Amino acid sequence: MTESAAWAAYEPLGLNRYRERFGLWFDQFRAGQRFQHRPGLTLSQQDNRDECLDTLNQQMLHFDARFAAATEWGRCLMDSTLTTKVVIGMTWKTFAQKTQLIGFDEIALTGPVFGGDTLYAESEIVACEPSEGGGRLRVRTMGRNQDNAIVGTFAYDLFVPARSAAADTAEEVPSRHRSHIDVDADTFRERMGLFFDDVVAGEIYEHRPGRRFTADESGRDTLRALEHTGYFTGWQPQAAGPAAEINPLHVLAVVTGMQTKTFSRVVANLAWQHVRFPGPVHDGETVYAETTVVDARPSRSRQGQGIVHLDLRAATEDGRPVCTFERKVLIYARGQGPYDGAGY
């Protein structure tokens, strides 16, 4: 069995029930390992502008196109803090068990990033230093753009706990549930999502992490959808009682998004059916979701794709249901789709 065969993207909880999990424990790392993180992220000038305005950054090179045109760059240069946050953020699936970002020895921005560029991250484990309860990982992460040019290197330390006995399993992880694929003996590429061939009717997937909702984000999301109903945007007081209610359409969007880690091989979202909101989500509440695979059949009109019928149930931490729906999606079969060509 290869090294990554023991790296599971799901924790089996019982017959046909699985919970999504991410990240390796300290004892699963070794010096010399390299990880290719996926997916990438395409940045825009809007992202650049928002980063600067939100962080009080007055360097006009990042948001004043006329000024930037007079510089050697010729256009707005992406803010280095945004590049840093995005490249390090991309590593989360491999390093999700970390409990501390100890610090950076170096952040080196070695190439420009502009609006429209797509960034990817690759990490190398430089050293593993055991300590009580886990250990320090010394990591070197490189950010690359769509042309494979290095735009930044980041040397930093993480604390990662050791694997507990409860987290260990002697069972071989099925290939469809592995978190990484082997590129070579020392290089591993993150993978996520089931192909149509991997989907089994009757299986249940508990999506993790959950999502905490706030009234501020609900109001902002409501306004950006051209919805001005005061009940969700804040200018019309809600009835006395619990904390402010979250816009149900925002809840629908978030819990649908929760499905995408397991069902990320989707070609198209065909339809939602029987969408119901049995109870409100209030400001500050955390919601979790689980999906049952109702049925899966090959597409009659699209070779190499299949139609999967999903049933989602979302509830608050205390088990109170807040959203349910059925959804039909078109999913690529194994060996189909853009994955190899796109570097996934």
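Two rings of Phe, Tyr or Trp count as an aromatic pair if their centres lie within 6.5 Å, and the angle between their planes sorts the pair as stacked when under 30 degrees, edge-to-face when over 60, and tilted for the rest. The model examined here is predicted. Across the whole structure, a search finds 14 aromatic pairs.

One of them joins Phe-35 and Phe-188, whose ring centres are 5.8 Å apart. The planes of Phe-35 and Phe-188 make an angle of 35°, and the pair is tilted. Phe-35 belongs to strand β3 (residues 34-42) and Phe-188 to strand β9 (residues 187-190), so this contact ties together parts that are 153 residues apart in sequence. Both Phe-35 and Phe-188 are buried. These two rings also belong to a cluster linked by ring pairs, in which Trp-7, Phe-29 and Phe-95 take part as well.

A second example is the pair of Tyr-205 and Phe-263. Here the centres are 6.1 Å apart and the planes stand at 85°, so the pair is edge-to-face. Tyr-205 lies in strand β10 (residues 204-212), while Phe-263 lies in the loop between α6 (248-258) and β11 (266-276); the pair therefore ties together parts that are 58 residues apart in sequence. Tyr-205 is buried, with a relative accessible area of 1%, and Phe-263 is buried at 2%.

Aromatic rings also meet charged side chains. Arg-75 lies over the face of Phe-114, at 3.9 Å from the ring centre. In another such contact, the charged end of Arg-265 sits over the ring of Tyr-339, 4.6 Å from the centre of that ring.

Key: Residues numbered from 1 in each chain as written. Predicted model: local features only at pLDDT ≥ 70, side-chain atom pairs only at ≥ 80, totals over all residues. Heavy atoms only, no water. Phe/Tyr/Trp six-rings, centres within 6.5 Å; stacked < 30°, edge-to-face > 60°. Helix = DSSP H or I, 4+ residues; strand = E, 2+ residues; numbered from the N terminus. Buried < 20%, exposed > 50% of the residue type's maximum accessible area, 1.4 Å probe, protein only. Lys NZ or Arg CZ within 6 Å of the ring centre and 35° of its normal.
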